[in-house]
Amino acid sequence: MTHAAPAATHAVPAGGPAGSGAYVLGVDSGGSGLRVALGRVGEPGPLATTVCAEPVRTGPGGIDAGHLLDQLLPAARELLERASAAASAETRSDAARAGGTSAYEVAAVAIGAAGMATLGDRLRAELPGALADALGVRRVALAADAVTAYAGAVGQRPGAVVAGGTGMIALGTDLKEWHRADGWGHLLGDSGGGAWIGRAGLDAAMRAHDGRRGGSAALLDRLRAVFGAAETLPGLLYPRSDRPAVLASFAPEVAACAGADPVAAGILRQAASHVAEAAAAVCPAPTEPDGEGGGTGEVALTGGLFRMGEPLIAPLREELARLLPGARVTTATGDPLTGALRIARALATGDLRLPRHPTMLFVPPEQETGQRGRTAVHDGQRPG
């Protein structure tokens, strides 16, 4: 099943577009911590970035907005102070004249967070007001990490992105609505992701240990090298709270064996099939070429999963060519932090073309001019 969001509106936030000298902030919150990038509206790329190594807490009420702010606000002020110190008086004066805005105005903030879609209620309720009070920012976008991955990989063009790491999710849009496939976690899905590959490889190793059909002696040797005796693996694995990461840690071993071991190669072919099916489920239907990336569509691959290289990429390209003939398969040009910064710039200039969605890409209604219809979210297969 894919999940469709309401059509986008491209209204300019109250106050009009920000000047090119105004600052924007992009934020990427994930399992390894919080990353923050500072940029200017009129300049590509970040001016500076910083990392907060502590992951944002999640509790009974969802993602902890206070804990996120406790890390974000000092990081943002540090970046602004660094940028101020680096800018000459002449540069600051020129920036202030660009569009009539202050060189130190934070025109927009875009925050992408893992779990935003299902655990982001507190962030959506608390962050816009808190950021306005603390930084004076009036334009805020809160996005699922899959959306910032899309913006970093594809930008604001129609297409699809497959984000693969320990898990796997595919997200696509025709700029009218979002379509999602998988990303349901290692027990319910994430088919073809790192944990899925690692588990399949360990299964083949245990089959060889038992003498069952479908086993791989090569993968059993790698299991023993990585984890020790095969019979001790359940005791090592089942009590762990980070089981998906442990399973995914074996995926590179599967890739390393694939050149000489048909079982390992078969696991990667099956993983490629799962990933391609997810991409095909969300990729927009082909349209007439429009000179702006339309036509055959684009499927961008992003995340550590695809660093396995040709053992996975080669069968994946074959599957994508079969399921999405004519689609352009690309490697992501930017990561989720890049995507958050791109969304912030687009929001600041009134050019955010990606579809709004109550949980996938949330922009508070008071930031948009004009009347907006009641939003609706429905489940269903992608049209076409």
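Q: By class, how many residues of the lining of the largest pocket are nonpolar, polar and charged?
A: This is a predicted model, in which local features require pLDDT of at least 70 and side-chain atom pairs pLDDT 80 or more, while totals for chains, interfaces and linings use all residues. Residues are numbered from 1 along each chain as its sequence is written, and side-chain values use heavy atoms, leaving out hydrogens and water. Ala, Val, Leu, Ile, Met, Phe, Trp, Tyr, Cys and Pro count as nonpolar, Asp, Glu, Lys and Arg as charged, and the others, Gly among them, as polar. On that basis the lining of the largest pocket has 19 nonpolar, 18 polar and seven charged residues.

Q: Which residues of the lining lie nearest the centre of the largest pocket?
A: A pocket is an open set of points on a 1 Å grid over the protein atoms alone, where a 1.4 Å probe fits and protein lies on both sides within 12 Å along at least five of seven lines; lining residues have an atom within 4 Å of a point. The largest pocket is lined by 44 residues. Those nearest its centre are Gly-30, Gly-31, Ala-114, Gly-115 and Asp-145.

Q: Which element gives the most to the lining of the largest pocket?
A: Helices (H or I, at least four residues) and strands (E, at least two) are DSSP runs, numbered from the N terminus. With four residues, the element that gives the most is H3.

Q: Which helix gives the most to the lining of the second largest pocket?
A: The second largest pocket has 18 lining residues, with Arg-199, Leu-202, Leu-237, Tyr-238 and Leu-247 nearest its centre. By class, its lining comprises 11 nonpolar, two polar and five charged residues. H6 (194–210), H8 (233–237) and H9 (243–248) each supply at least two residues of this lining. With seven residues, the helix that gives the most is H6.

Q: Into which classes do the residues of the contact of H6 with H7 divide, and how many are in each?
A: Contact means heavy atoms within 4.5 Å. Gly-201, Leu-202, Ala-204, Ala-205, Met-206, Ala-208 and His-209 in H6 meet Ala-217, Leu-219, Leu-220, Leu-223, Arg-224 and Phe-227 in H7. The residues of this contact divide into 10 nonpolar, two polar and one charged.

Q: By class, which residues make up the contact of H5 with H13, and how many of each?
A: From H5, the residues that meet H13 are Val-147, Thr-148, Ala-149, Ala-151, Gly-152 and Ala-153. Their counterparts in H13 are Pro-336, Thr-338, Gly-339, Ala-340, Arg-342 and Ile-343. By class, this contact has seven nonpolar, four polar and one charged residues.

Q: Which strands stand at the edges, each with a single partner strand?
A: Two strands pair if DSSP finds at least two bridges between them. The open sheet has six strands in the order S4-S3-S2-S7-S8-S14, with mixed pairing. One side of each edge strand is left without a neighbour in the sheet, because each has a single partner; these strands are S4 (48–52) and S14 (361–362).

Q: Which residue in S3 does Gly-26 stand opposite?
A: S2 (residues 23–30) and S3 (residues 33–40) pair in the antiparallel sense over eight bridges. Opposite Gly-26, the residue in S3 is Ala-37.
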